[in-house]
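This briefing is for a reader new to the structure. It goes through the topics one at a time, in short points.

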Amino acid sequence: MGTTRRVLITGVSRFWGCHLARRLEASPDIERIVAIDTEAPPLDLERTDFVRADIRRSTIGKLLDALGIDTVVHAALIVDPRRASPRTVHETNVIGTMNLMAACSAPDGPVRKLVVKSSTAVYGAEPDDPSIWGEATPRRSAPRDPFTRDLDEVEGYVRDFMVRRPDAVTTVLRFANVLGPSHSTPFSRLFDMRVVPTVAGFDPRLQFVHENDAVSVLEHAVLDDVHGTFNVAGPGAVVLSQALAIMGAVNLPVLPFVGAELAMAMIDRAVPLGFAPHLTRLLQFGRVVDTTAVQQRFGLALEHTTADTVLAYARDRRVRDVVRDDVGYRYEVELEDFLRSQRTGQNGHTGAASKPRPRRARSANGSRPRRTRAKPA
Amino acid sequence: MTARRTASRTTPTSSNGRSRTTPALRLPSLPSLRSLTSDLPGAAMSATGTLASVLRDIAGRDVIDLESLHDVLSFAYRVADLRTRHGSGDYQVDEFGFDPDFTNALEPLVRLIYRRYWRVDARGLEHLPSHGPALLVSNHSGVLPLDGAMISLAVHEQTDRFTRALIATWFGSLPVLSWFLRRTGGTLGHPDDTLRLLGSGEIVLVFPEGVRGTGKPFRERYRLRRFGRGGYVEMALRARVPIIPISVVGAEEIYPMIGDVQPLARVLGFPYFPVTPTWPLLGPLGLIPLPSKWSIHFHDPVSTGDLPAGAADDPLLVMSLNDQVRDTIQAGLVEQLRERRSVFRG
């Protein structure tokens with residue numbers, strides 16, 4: 001059982017941080033939730049204290065001390081390159097993490113637990129990769145693009161923290177690409193297109209994690225003590241052509257298999273999808289990670305397989321098509337409430353094709369009637 | 001004789017005319033389109049069957065091979081079925097990208113090639129386990145990994161199991177082949193992949209020669225290259241599965257590689273750029289393999305279960321087992337070549 005009482009969440013202006021804060025608000029064990037970011041959270045948070053602060057500043061250490069924070073959730077990692085300039089991404093990811101780790105690892109500091117949101121992008125995507133990445137499988141080649149290099153450094157700082165604070169519980173969660181109705185990602189934008197450019201002659205295996213599951217896993221990591229590194233992805237895999245068929249999109253293999261990154265960059269100028277080089281490589285060579293560990297330790301938190309996630313996204317999108325949202329999807333509270341009422345109104349339509357299993361009242365805001373918790377393995 | 005055969009094949013009216021007397025073809029007066037499409041294959045099959053038996057009576061031997069016809073038909077139907085389901089994304093691949101339905105749909109076509117084109121003579125199939133893991137080790141030849149498809153079919157015919165082939169990394173970076181090989185059960189020759197598959201009880205096929213085997217010149221046919229560094233033996237020892245050596249004769253002649261344009265290969269990132277008498281001279285036509293006669297021999301399994309626990313970490317033992325397997329395959333090749341009178345007639 002966890003000993004978490006006072007939580008600090010970074011990156012609360014984005015999907016991960018603010019949804020996690022909302023979930024934690026519903027948990028009576030949590031005494032205090034402090035959320036920091038340079039921008040205000042997009043959701044109305046009830047008992048979360050929002051502090052406008054930059055994790056790149058050393059004041060963060062003082063904040064931790066002053067508030068007696070015992071658990072730090074580092075959810076500020078930017079994985080969607082469209083959200084900020086490359087410079088900001090690098091600054092936030094690498095310098096921010098470095099600074100935050102320095103603050104957390106103060107020997108007499110109050111921090112007892114660290115939860116880091118990382119990404120399976122850290123494995124890269126190369127043709128000679130193993131088919132399934134275990135958490136400990138080493139990469140065969142050094143990362144090629146700046147984003148993956150940054151991610152490597154981020155995990156390096158977290159490893160340093162683990163060395164300096166062996167007594168602290170450190171959870172590193174490597175998330176696969178997230179799909180869900182309330183979170184715009186490069187893949188959701190790709191799937192929203194009617195005609196999708198793909199790499200000629202390639203049909204990669206992909207994995208996704210449902211946005212609710214992603215937040216559930218984060219929440220579980222905060223409430224329980226789960227030490228270690230975990231791949232978080234929906235079990236199983238889909239191939240790209242299959243996902244596109246489910247979305248009802250036309251598969252247009254126009255990207256050449258040599259220099260796909262360049263061609264994608266050109267397409268990106270016309271249609272801003274946010275497919276950075278590391279994502280284009282993913283679109284060519286694919287990636288599948290081993291989800292055995294996360295299923296064992298986080299159990300019920302992962303409700304959707306990868307195939308379920310894609311199906312659920314396709315269904316949610318049909319609702320969205322009716323609602324008509326021409327300006328590209330951004331998180332909107334009213335619209336989200338409407339979608340939620342639609343969902344609870346037609347109970348069960350989100351999972352009609354998947355196998356019957358206990359399904360909680362799904363909601364993006366986290367005010368769930370009951371908590372799901374895995375047995376500690 | 002041949003004239004009669006072509007005539008009967010190309011003019012369906014004559015076949016219909018012959019068999020209209022059979023009750024199977026007496027259709028109701030106003031058949032709905034749905035019942036017509038579902039009845040037609042059966043009717044066509046029975047009509048062809050009648051025709052085949054009549055022709056056999058006249059000629060005294062099989063003119064129409066019913067099995068081949070059945071393969072062609074079932075291939076057409078399975079592909080049509082596959083297209084419908086794949087069009088809506090309603091299928092499942094495993095984490096390696098293997099799609100059993102896709103593989104099953106292709107099977108009749110592969111069987112047609114197996115039986116009629118390369119007339120594969122498979123022996124020693126009784127060595128294959130009907131359940132549980134095994135590591136099949138074969139010589140590799142023929143520019144493209146078609147020998148893998150033939151071995152897989154032989155295994156499937158015998159045990160009704162799918163073979164998971166370990167493919168060279170290079171094929172993973174090639175367009176089309178990259179996904180095609182995965183869809184049909186292939187995966188990369190990475191130690192993790194091998195152990196995972198063996199651990200889940202699969203039959204795994206490995207070509208330790210890798211691209212050194214497929215890319216060797218024609219004049220060096222049936223001379224085994226180095227068997228890697230014996231990594232496959234290590235995997236078999238770790239997973240404690242039997243090794244079944246396989247020797248394949250015939251695949252060397254399907255694309256006689258008389259040249260290798262290394263500069264072009266280097267530009268394209270290939271390990272070799274093959275030149276055969278027909279490729280790239282005749283363009284896509286050069287991709288048609290020659291109809292050599294094949295024989296595939298499955299040899300006695302090398303059991304690994306009774307070896308001590310740390311055997312996989314003993315390089316001397318690994319290399320000696322590696323040599324043992326390699327010698328078995330080389331001896332098998334020599335034996336099969338001794339029996340072979342002609343490359344194309346066997």
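Chain B of this predicted model contains 13 helices and nine strands. Of the 346 residues in chain B, 36% are buried. Among contacts in chain B with a separation of 6 or more, 72% are between residues 24 or more positions apart.

**The sheet of chain B**

- An open sheet of seven strands, with mixed pairing, runs in the order E1-E9-E6-E2-E5-E3-E4 in chain B.
- Strand E1 (121–123) and strand E4 (187–188) of chain B are at the edges and have a single partner strand each, so one side of each lacks a neighbour in the sheet.
- Strand E3 (residues 163–167) of chain B runs parallel to E4(B), and two bridges join them.
- Leu166(B) is opposite Thr187(B), which belongs to E4(B).

**Helices lying across the sheet**

- H13(B) lies across E2, E6 and E9 of chain B, and runs at about 30 degrees to E6(B).

**Helix H13 of chain B**

- Helix H13 of chain B covers residues 315–339, which is 25 residues. From first C-alpha to last it reaches 36 Å, close to the 36 Å expected at 1.5 Å a residue.
- The buried residues of H13(B) include Val318(B), Leu321(B), Val325(B), Ile329(B) and Leu333(B). Asn322(B), Arg326(B), Thr328(B) and Gln336(B) are also among them.
- Residues three or four places apart on an α-helix point the same way, because there are 3.6 residues a turn.
- What do the buried residues of H13(B) pack against? They pack against strand E2 (134–138), helix H11 (231–239), strand E6 (243–249) and strand E9 (295–298) of chain B.

**Helices H9 and H11 of chain B**

- Two packed helices are described by the angle between their axes and the distance between the axes.
- For helix H9 (residues 191–199) of chain B and H11(B), the axes come within 10 Å and the crossing angle is roughly 35 degrees. The crossing of H9(B) and H11(B) is right-handed.
- H9(B) makes this contact through Pro191(B), Thr194(B), Leu195(B), Leu198(B) and Gly199(B). H11(B) contributes Gly231(B), Met235(B), Arg238(B) and Ala239(B).
- Sorted by class, the residues in the contact of H9(B) with H11(B) are five nonpolar, three polar and one charged.

**Where chain B touches chain A**

- The contact involves 23 residues of chain B and 22 residues of chain A.
- On the chain B side, helix H4 (66–87), helix H7 (169–172), helix H8 (177–183), E4 and H9 each supply at least two residues.
- Which element of chain B gives the largest share of the side that touches chain A? H9(B) does, with three residues.
- By class, the side of chain B that touches chain A has 12 polar, seven nonpolar and four charged residues.

**The sheet of chain A**

- Chain A has an open sheet of seven strands in the order E3-E2-E1-E4-E5-E6-E11, with parallel pairing.
- Strand E3 (48–52) and strand E11 (228–232) of chain A are the edge strands, and each pairs on one side only.
- From one strand to the next, the twist averages 20 degrees.
- Three bridges link strand E1 (residues 6–10) and strand E4 (residues 71–74) of chain A in the parallel sense. Val73(A) in E4(A) is the bridge partner of Ile9(A).

Methods. Residues numbered from 1 in each chain as written. Chains lettered and ligands numbered in written order. Predicted model: local features only at pLDDT ≥ 70, side-chain atom pairs only at ≥ 80, totals over all residues. Helix = DSSP H or I, 4+ residues; strand = E, 2+ residues; numbered from the N terminus. Expected span 1.5 Å × (residues − 1). Buried ≥ 20, exposed ≤ 12 C-beta atoms within 10 Å, placed from the backbone. Contact = placed C-beta atoms within 7 Å. Axes fitted to C-alpha atoms, helices over the stretch in contact; angles between N-to-C directions. Left-handed = near helix turned anticlockwise from the far one by under 90°. Nonpolar A, V, L, I, M, F, W, Y, C, P; charged D, E, K, R; others polar. Pairing = 2+ DSSP bridges.
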